Amino acid sequence: MHLRFLGTSAGTPTRARNVTSHALVRDDGRTWILDAGDGTQQQAMRFGLRAKTVDGILITHLHSDHCLGLPGLLAWLGIHGRTDPVHVVGPVGLGAWLDLTHRVTDTELPFALVVRELAEDREVLDLPGWRAVAVRIRHRIACWGYVLREPDRPRRLLVDQAIALGVPPPLRKRLVRGETVTLDDGRTVAPEACSEPGRPGRSVVLLGDTDDADAILPDAMDCDLLVREATYAADRDANARQWGHSTTVMTGDFAARCRARHLVATHLSARYTVPNGGRHPAVEALVAEIQARCPDTRVTAAKDGLVVDI
Ligand SMILES: [Zn+2]
């Protein structure tokens with residue numbers, strides 16, 4: 001399973017970075033896209049996304065740099081042979097906006113579009129193959145973060161060993177449940193003898209723009225991957241609070257509090273990512289500021305095309 005960054009710039013694109021979007025790709029190839037800034041269809045092609053594998057798109061909020069690419073992305077899915085339904089999840093207003101856009105632009109999608117608008121502060125989502133929840137986080141307009149968790153993988157029976165030990169089929173199920181069983185001849189067989197341990201499902205936390213994401217903290221604890229914006233360096237705390245964004249300090253502190261294994265900081269202000277003669281800190285300096293706040297978390301700065309294994 002991996003996350004592919006399609007766009008990593010805040011507000012406006014730069015020559016090297018498009019506006020926000022990333023794609024979560026499961027081991028079986030099924031894909032959910034988070035946010036779709038303008039030009040996301042071009043980025044999807046550039047980085048080899050396949051239209052038939054996209055199950056849906058999660059929109060964090062309706063600021064233009066996070067959603068203006070959605071109509072084009074949906075059209076791209078249709079042009080590239082998509083016929084199965086596509087799910088779109090996002091704030092109230094998303095459905096009306098898409099309806100109007102499709103009507104005015106005479107767009108007919110060759111698949112059913114299933115729109116789910118979020119109205120509550122916390123909503124459980126029915127995404128195929130995921131246990132998912134959307135939680136409202138603070139920003140200038142209604143904005144959500146998403147937690148996607150794989151189902152736990154149960155213990156797996158090693159059939160050859162079960163047969164060799166003479167464990168009859170009815171007792172094998174109990175071994176997989178982690179129980180020790182007693183055979184007719186009095187021997188006991190522990191689950192470790194003929195089954196592999198299960199594995200807790202991996203979890204991914206994908207946040208929208210925010211200067212306070214504490215509401216999602218209980219759902220985000222111990223995540224394998226956290227993606228949060230770090231629009232500003234530490235010295236621009238006032239700007240961050242004015243615009244409802246995060247500094248490196250806020251993002252690093254949040255990663256430490258939720259004990260994220262890996263944090264990828266994205267939505268970086270263009271002032272840090274274009275050559276500027278050294279007037280602003282470089283991206284490496286932002287990473288150092290974040291890392292200082294969360295020493296136990298691996299920290300990476302996103303860039304377009306980056307693939308992060310989970
Ligand atoms: Zn925003």
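Good morning. The structure above is a predicted model. I shall begin with the overall division of the chain. Domain 1 comprises residues 2-151 together with 199-309, while domain 2 covers 156-196. The centres of domain 1 and domain 2, taken over C-alpha atoms, are 45 Å apart.

Let us now turn to the sheet. For those new to the subject, the strands of a sheet are paired through backbone hydrogen bonds, and the pairing may be parallel or antiparallel. Here, seven strands make up an open sheet with mixed pairing, and their order is E6-E5-E4-E3-E2-E1-E18. Which strands form the edges? They are strand E6, residues 113-118, and strand E18, residues 307-309, and each of them pairs on one side only. From one strand to the next, the twist averages 20°.

Two helices deserve attention at this point. Helix H3, residues 70-79, packs on the sheet and touches strand E4 (54-58), strand E5 (86-91) and E6. The direction of H3 makes about 175° with that of E4. Helix H4, residues 94-104, lies across E5 and E6 and runs at about 145° to E6.

Next, please look at strand E1, residues 2-7. With E18, strand E1 pairs in the antiparallel sense over three bridges. Within E18, Val-308 is the bridge partner of Leu-3, and Asp-309 is the bridge partner of His-2. E1 and strand E2, residues 21-25, also run antiparallel, and five bridges join them. His-2 has a bridge partner in E2 as well, namely Val-25. Is strand E1 mostly covered or mostly uncovered? It is mostly covered, as five of the six residues of E1 are buried.

Why is His-267 classed as buried? His-267 is buried because 28 other C-beta atoms lie within 10 Å, and the cut-off for a buried residue is 20 or more. Which residues does His-267 touch? Leaving aside residues up to four places away in sequence, His-267 touches Thr-8, Ala-10, Thr-20, Asp-209, Glu-229 and Thr-231. Finally, consider His-267 and Gly-7, which are 260 residues apart along the chain. The separation between their C-alpha atoms is 8.2 Å.

Thank you for your attention.

Methods: Residues numbered from 1 in each chain as written. Predicted model: local features only at pLDDT ≥ 70, side-chain atom pairs only at ≥ 80, totals over all residues. Pairing = 2+ DSSP bridges. Helix = DSSP H or I, 4+ residues; strand = E, 2+ residues; numbered from the N terminus. Axes fitted to C-alpha atoms, helices over the stretch in contact; angles between N-to-C directions. Contact = placed C-beta atoms within 7 Å. Domains from an automatic or database assignment. Buried ≥ 20, exposed ≤ 12 C-beta atoms within 10 Å, placed from the backbone.
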